[in-house]
Structure formats: structure tokens, C-alpha cells
Amino acid sequence: MSKVYGRLPALSRAGSHLPDSHASKPGVAMDLTSSFSDLDDLPDQPRIRVPPPGPETRALAQRLQGVESQNVTYLGQQFPVFWRRAHRAMVEDADGNVYLDLTGAFGVAVAGHTHPRITAAIREQAGVLPHGMGDIHPPVKKVELLEALAALLPWKEDSRITLANSGSEAVEVALKTALLATGQPEVVAFQGGYHGLTVGSLAATAREDFRDPFRPRIYPGGSFVPFGQAPMDEALQALERTLAERGGQVGAVIVEPIQGRAGVRVPAEGFLTRVAELTREAGALLIFDEIFTGFGRTGRCFALEAEGVVPDLICVGKALGGGLPLSACAGPRHVMDAWPRSGGEALHTSTFLGHPLACASALAFLEVLEEEGLADYARREGAVFQAELTRELSAIQGVREVRGRGFFLGVELEEAGAGVAVMAAALRRGVLVLPAGDRGEVVELSPPLVLSAEQQVTARQILVKAIQEVCRPAADPGVRP
Ligand SMILES: Cc1ncc(COP(=O)(O)O)c(C=O)c1O
């Protein structure tokens, strides 16, 4: 993957254009054919050579076990597989098995893996300035990225943005901003909500298993109210009651416009609008966590557009960096100006803030997002995929529903743990999915927004077989793989 080393590609913004995002074109400033030849042989349909996890993967698992904290990677009999290469929607593991990726690698690879434009931007930046001094002598790329990002934000007023390195950190910046802006320290979040695992963001992450061991460290002023799936009245009443009970102490209400890890839970229509009204009546700031939903995933640039609710702060991450770690907390100027002007010591910053490599990658991603119409793709193709999958699963017992928006979909199954079982069953057939939901009962789909028509058919065929295998009553011989 390093064949262009030694020759800096003279890519201007215009020069970096490729007519078809994933095809190289003779005559552009850099010969991308050579840079991507390492990926040429990757098929665009699943190819299982050895039953996963194969021997190379098992050996890697052994090595990993010898060096990584046992908390981090689950090492089981059925998964994981170790990734070696990826392109568009295909991922190859260490054993040469190739999978169709319906996870987007936690929703990050919105433009597909190793998009040539993004890879070229990373290579170009890596050759001149991979790291800078974010808040002291800022890299040029930071300015360019902030301008590009600001242009996408929903406020009529100018936006102000703080960059960060992970989604959790962006959430921490938002919570700090709310405290500075309102002087009110408490936060209200929603049951099922996931906002990260750092000590600060755990104040808003609902899952008890993540919170319990660290309870003495977690900020105590956090309340959780039900998320407004239909019927939403009860959830809204709980929010209203909590805001009243906490009497002027709540500075932030934080919500995912569609809950991701809770199992792709879409709120009832009107819920977010009412949440915004109640939040403002309480003198608190409304934070939209668009870390999963942002940048085209739900069929629009941001999920907030579906209901037209404009929050006070937005957190983004995941897809933003085009595959590199980058996140941000953004708000209108009058809110973000609650932060004091830096007199040389920023109140919130970090060594890698505004990392030029990540900013260059993000800039290329934002260009691709727009030029390739990825949000439109998600809206159009995601709706068809959802409808077809719903139809194909309708005869299978144990399937509750297929839900979601754009290409952010969840298949809810009846049995706890069924999503995990489907993950393993789909992996064996060459499709990557993740489980979600408090009980592991949901199959979460957040693929790269570049699936071809043939890949969509394959994805559904394999999903149906995997779900059939998991949901089939034991006595039923059913469909074989
Ligand atoms: C909605 C949401 N918020 C925050 C986070 C935390 O982001 P990170 O894992 O980058 O810290 C996630 C991660 O999945 C997320 O889905």
C-alpha cells in the first residue's frame, strides 16, 4: 500500500477529482492505479476460503491475548476475524476470507473503505505534515476543515466548532459547554442512549453494565427518561417531570436523533420537536448526538433534518474523519462563546486536536459525501433495502420488525442474544453485521453507502439465511446454508 512513496502527488482540490470515485483515470495528477493495485484482486462478493475464524485468525487471537488487556477484544469460538484489507464494502481477513461489510466499521466507512480520494488525501498530507500543534501553531488543514464543516451546520447564525479525537470527547465538550453556558450542572439523557464510555460521557450513557463498576467516579447529576418511541406521551411527561423536579439544575438534555446501540430505535414523529421545546423552557441546552447518524447515514446530512429540529449543540464523529479518528462539538456562536477566549491556555484541548492528517482525510470525505450524493443514496437505496428485507423476513417466526431510516437499519428479533447469534451465522456465510439492543436482540446494519445492487441482493440473501438459522425452531429442518 505504499507504492506512491517517494513521489508527492501534486493534487489540487480539483486535481484530486476522480470521475468515478472508485476507478482510477489516466491523466490525473497522481497515478492511483499503482496505489490501489494492492486491492485490485479483492472480489466484490463474499468469498469464504476457510470456515472463519481460520487458522491465521486463531493464531492472531492467541498473540493478542498475550498482550492486550483482557477487557478489550472478545475472543470467542465463533469470532472475531482479523482484518487485513478493505475496499468499498468488502473486507478481507487474515485467512483470505472476504466479507460484505454491513457494519461500515461501526458506521465510520460511509464513503466505503479505502476510497481513492480519501486515501490520496491521507497520503499527500502524510508526506508533508502528519501532525501539528492544534491550538498553538495550528495546521492549515484545520482551518480548511472547520470552514467546510461549518458550511454544513444548521444554524442561521455563524457556527463555532471545537475539534476532538473521539465521539466520547466531543460529548464531553458539549457537556462542558452546557455547563459554561447555563451555569446548570445536571444532564438529562434517555434510556437506551449511548454517548461514550469516558468518565464524563458516562454521565449520559444509560447502560448500567457500563456504569456500575465506575459509579463512584461518574458525575452524579445525571437523570434518564424513556426514549420516545410510540406512544411518546409517557416519555415526554417523564422528561417534563424530571426537568421540573431538578428545578433549574439541568443544563443539558442530550439525545441521539435515532438511538444506535440501543437497537436503531427511531423516535415517534414530533418527539424531538417537543423535547426541544421542553428543554428550552427549562433553560437548558439541547445536544444532538449525531455521532452515529451524521453525514448521510440516515438519508440526510444530519438526522435532525428529518423533523427540522435545530439543537443548541451537535456532536459528530465516526464518519467525519473518513476513517481517521476525528470528532467535533459544534454550536451557534452565541452558545459556543460561553467558552472564554484563549489567553494561551485553552480550557479544553489535547495534543492531537485538529490533527492535520485526520483533517485532510475529513476534508476529502466531505467532498466525496457531497459529490457522490451519499445521503441521497442512503435515502433511496436504504428505503428499498428495508422494504425488501421486511418482505423477505415476514415469514420467519421470531422476527419482530425491520426499522430505521436511510441505511441505518435494525432487525429486531424476539430472543435475547439472537443478534449475536446472527452475527456469527452471517459471518460464516461472508457478511459482517453487529448486534445491538440492551438484550443483544437486534441486528444492526450501517453499511458503507456504496453497496451495488448485486451486493444488496447478496446481503439480504445471507441475512435471511442467517436469521432463519437462528430463529428456526430446533425441530424444524428448515433451510440449509
Ligand atoms: C451515538 C454515539 N455517541 C457517542 C459514541 C462514542 O463515540 P466513540 O466510541 O468514538 O468515543 C458512539 C459510539 O458508538 C455513538 O454511537
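Mentor: Before we look at how helices pack, note that axes are lines fitted to C-alpha atoms, for helices over the stretch in contact, and that angles run from 0 to 180 degrees between N-to-C directions. This is a predicted model, in which local features need pLDDT of at least 70 and side-chain atom pairs count only at pLDDT 80 or more, while totals for chains, interfaces and linings use all residues. Residues are numbered from 1 along each chain as its sequence is written.

Trainee: At roughly what angle do helix α13 and helix α14 cross?

Mentor: Helices (H or I, at least four residues) and strands (E, at least two) are DSSP runs, numbered from the N terminus. Helix α13 covers residues 418–428 and helix α14 covers residues 453–471, and their axes come within 9 Å of each other. The axes of α13 and α14 cross at roughly 125°.

Trainee: Which residues in α13 meet α14?

Mentor: Contact here asks that C-beta atoms, placed from the backbone, lie within 7 Å. On the α14 side the contact is made by Ile462, Leu463, Ala466, Ile467, Glu469, Val470 and Cys471. Facing them in α13 are Ala418, Ala421, Val422, Ala425 and Ala426.

Trainee: Are helix α4 and helix α11 roughly parallel or roughly antiparallel?

Mentor: The axes of α4 (residues 116–128) and α11 (residues 356–371) come within 8 Å, and the residues that meet include Arg117, Ile118 and Ala121 in α4 and Pro356, Leu357 and Ala360 in α11. The two axes cross at roughly 155°. That angle is why α4 and α11 count as roughly antiparallel.

Trainee: How far apart are the axes of helix α8 and helix α9?

Mentor: Helix α8 (residues 233–245) and helix α9 (residues 271–281) pack at an angle of about 10°, which means that they are roughly parallel. Leu236, Leu239, Glu240 and Leu243 in α8 meet Arg274, Val275 and Leu278 in α9. Their axes are 10 Å apart.

Trainee: Which residue in β10 stands opposite isoleucine 314?

Mentor: Strand β9 (residues 313–316) and strand β10 (residues 327–332) run antiparallel and are joined by 3 bridges. Across this pairing, the residue opposite isoleucine 314 is alanine 330.

Trainee: Which residue in β13 stands opposite aspartate 101?

Mentor: Another open sheet, also with mixed pairing, has 4 strands in the order β1-β2-β3-β13. Because β1 (83–87) and β13 (431–432) each have a single partner strand, one side of each is left without a neighbour in the sheet. Strand β3 (residues 98–101) runs parallel to β13 and is joined to it by 2 bridges. Opposite aspartate 101 stands leucine 432.

Trainee: Which helix gives the most residues to the shell around the ligand?

Mentor: A residue counts as near if its C-beta atom, placed from the backbone, lies within 6 Å. The ligand is surrounded by 15 residues, and the closest are Ser166, Gly167, Ser168, Gly196 and Ile291. A helix covering residues 167–182 gives the most to this shell, with 3 residues, and that helix is α6.

Technical notes
Two strands pair if DSSP finds at least two bridges between them. Angles under 35 degrees count as roughly parallel, over 145 as roughly antiparallel, 65 to 115 as roughly perpendicular and the rest as oblique. Two residues are in contact if their C-beta atoms, placed from the backbone, lie within 7 Å.
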